[in-house]
Amino acid sequence: MNDATKTRDPIIKFDKVVKRFGDHVVLDELDFEVQRGEKVTIIGPSGSGKSTVLRILMTLEEINDGVVYVGGEPLWHQRKGDSLAPASEQHLRQMRSQLGMVFQQFNLFPHMTVLRNLTEAPVQVLGVSKAEARKRGMELLEMVGLTDQAGKYPHQLSGGQQQRVGIARALAMRPKVMLFDEPTSALDPELVGEVLNVIRTLADEHDLTMLLVTHEMHFARQVSDRICFFDQGRIKEQGKPEDIFTAPKEERTKAFLKAVLDPDD
Amino acid sequence: MFFGIEWDTSSQWAFAVSIFPILLHGLVVTLQATVVGFFIALILGLVLAALKSAPTRLIRWPAKLVTEFIRDTPLLIQLFFLFYVLPEFGLTLPAFLTGALALGVQYSAYTSEVYRAGLEAVAKGQREAARALNLASSRTFTHIILPQAVPRIIPALGNYLVSIMKDVPVLSVVTVLEMLGVAKIIGDRTGGYLIPLSMVGGLYLVMTIIASFGVRYLDTHLPKRGLSLK
């Protein structure tokens, strides 16, 4: 582990978390921490539990065992005296407000204009006025370079544009942690760059914590403070990008990186 | 004479023209039964759909059983039950209401499936995005799921409206004077069935063609991606 992980104020902490789908163990007593402001990329073969980590954090998947902490508070549990009880919906709502998620399939609301996609939740959930939400929405669209698309519907946009709206929509809720679940995997190759550029801009914001699952290895190397290689529901190896990409220690990591970086060999 | 209208048997044309207003009386009843039956099916179907997606099995299973029972038994049996059995327990409804109720109950089994399928067809990612944005579940239903489900649901419901209309003649067996029943009585009294029955067939054809056209119009003109919210 690098130095950053030794400051004991992780914003995200997985403590022996187990997740099963039927008989299949997706996360196998996973221990995992992310520090405030840290940009962490999770890499690994498909089925290694990468996306599940993000989905558990976004409360889209329940856990079977262990405890997940966000900002020091248990996510899926509530403190009851000295013990932990399953979280109420109210608790989950409160915890969820710290997190934003960008989906592989964008998941924009197809019946809402781009701007409405960005204002719906701030108005309904945060209680922001419509005017204020629109103003903030336009600022975010400017950040992702889409001010001229505000009145269009998602299907009128390219995939890359849709995903940039997806990022802006998540940011509109002012999360402390941004989760990116393979944000460019559904895009045509020529549209990947514009989305990565937006994420790169975000990565420069120091107080935003970012957790990214991606197959874009070069990008991961550029933006990440730390790379975690997942294999069979555990972290097989983790460290600074230059260490992982140039001098991986584990055989599994070597084999995986070789396969994704030089697919033609 | 029927509904105070005399028929003219001097020629086939004159006969057809003279019984047309009589048949229209029946047509009105047919349309009334269709509308009332459809309305019951819409409401009852919504209730059934809600029960079938209830969180506890104790509610879900009986609702599914009822749906299955309704779907797997002939409309005529349900009609007879309502018309002949209920009075044995002291509950007597007018024939028209009994008939409309039977249609409504029968078709609620189908409309409940239309609602359910329409709601389930909305991509899972939509619920997930709404959850990630912390939208309340009621808001998610009314503003995210429903606007996307409605354009799928409405044309399917339209098809059942046509089906109900075609099932209305069954009500004639419990003395409801709908169009086909009226035609048969005219035949009974005049000895000529060909003309009244053909006219009923023709009127049905016109109505179903119009209705089908309407359904197809809805199908192509409802926004595929959902009722838009700006």
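Predicted model: local features only at pLDDT ≥ 70, side-chain atom pairs only at ≥ 80, totals over all residues.
**Entry 1: a strand-to-strand pair in chain A**

I started with Asp31(A) and Lys16(A), whose side chains form a salt bridge with N and O 3.6 Å apart. Asp31(A) sits in strand E2 (residues 24-35) and Lys16(A) in strand E1 (residues 10-21), so this pair ties together parts that are 15 residues apart in sequence.

Next I looked up the exposure of both partners. Asp31(A) has a relative accessible area of 40%, so I put it down as partly exposed. Lys16(A) comes out at 43% and is partly exposed too.

I picked out Glu73(A) and Arg79(A), a salt bridge whose closest N and O atoms are 3.7 Å apart. Glu73(A) is at 36% relative accessibility, which means partly exposed. Arg79(A) is at 48%, and I logged it as partly exposed as well; the cut-off for exposed is over 50%.

**Entry 2: a pair inside one helix**

Then I went to helix H9 (residues 251-261) of chain A, which holds both Lys254(A) and Glu251(A). They are three residues apart, about one turn of the helix. Their side chains meet in a salt bridge, 3.4 Å from N to O.

Is Glu251(A) buried or exposed? At 57% relative accessibility, Glu251(A) counts as exposed. Lys254(A), with a relative accessible area of 36%, is partly exposed.

**Entry 3: chain B as a whole**

What elements does chain B have? I count eight helices and zero strands. Read from the N terminus, the order is α-α-α-α-α-α-α-α.

I checked the dimensions next. The C-alpha atoms of chain B fill a box of roughly 75 × 45 × 25 Å along the principal axes. Its radius of gyration is 22 Å, while a compact globule of 230 residues would have one near 17 Å.

For burial, I have 42% of the 230 residues of chain B down as buried. The accessible surface of chain B is about 12100 Å², and carbon and sulfur atoms account for 71% of that.

On contacts, I took the ones in chain B between residues at least 6 apart in sequence. Of these, 75% join residues at least 24 apart.

I find 18 positive and 12 negative side chains in chain B. The centres of the two sets lie 17 Å apart.

**Entry 4: back to chain A for Thr209(A)**

I finished on Thr209(A), which lies in strand E10 (residues 209-213) of chain A. Is Thr209(A) buried or exposed? Its relative accessibility is 1%, so Thr209(A) counts as buried.

Which residues does Thr209(A) touch, leaving out those up to four places away in sequence? I listed Ile11(A), then Val34(A), Gln35(A), Arg36(A), Gly37(A) and Glu38(A), and finally Lys176(A), Val177(A) and Met178(A).

Conventions. Residues numbered from 1 in each chain as written. Chains lettered and ligands numbered in written order. Heavy atoms only, no water. Helix = DSSP H or I, 4+ residues; strand = E, 2+ residues; numbered from the N terminus. Rg over C-alpha atoms; globule rule 2.2 N^0.38 Å. Buried < 20%, exposed > 50% of the residue type's maximum accessible area, 1.4 Å probe, protein only. Contact = heavy atoms within 4.5 Å. Areas by Shrake-Rupley, 256 points an atom, 1.4 Å probe, with all protein chains shown as cover. Lys, Arg positive; Asp, Glu negative; His and termini not counted. Charge placed at Lys NZ, Arg CZ, Asp CG, Glu CD. Salt bridge = Lys/Arg side-chain N within 4 Å of Asp/Glu carboxyl O.
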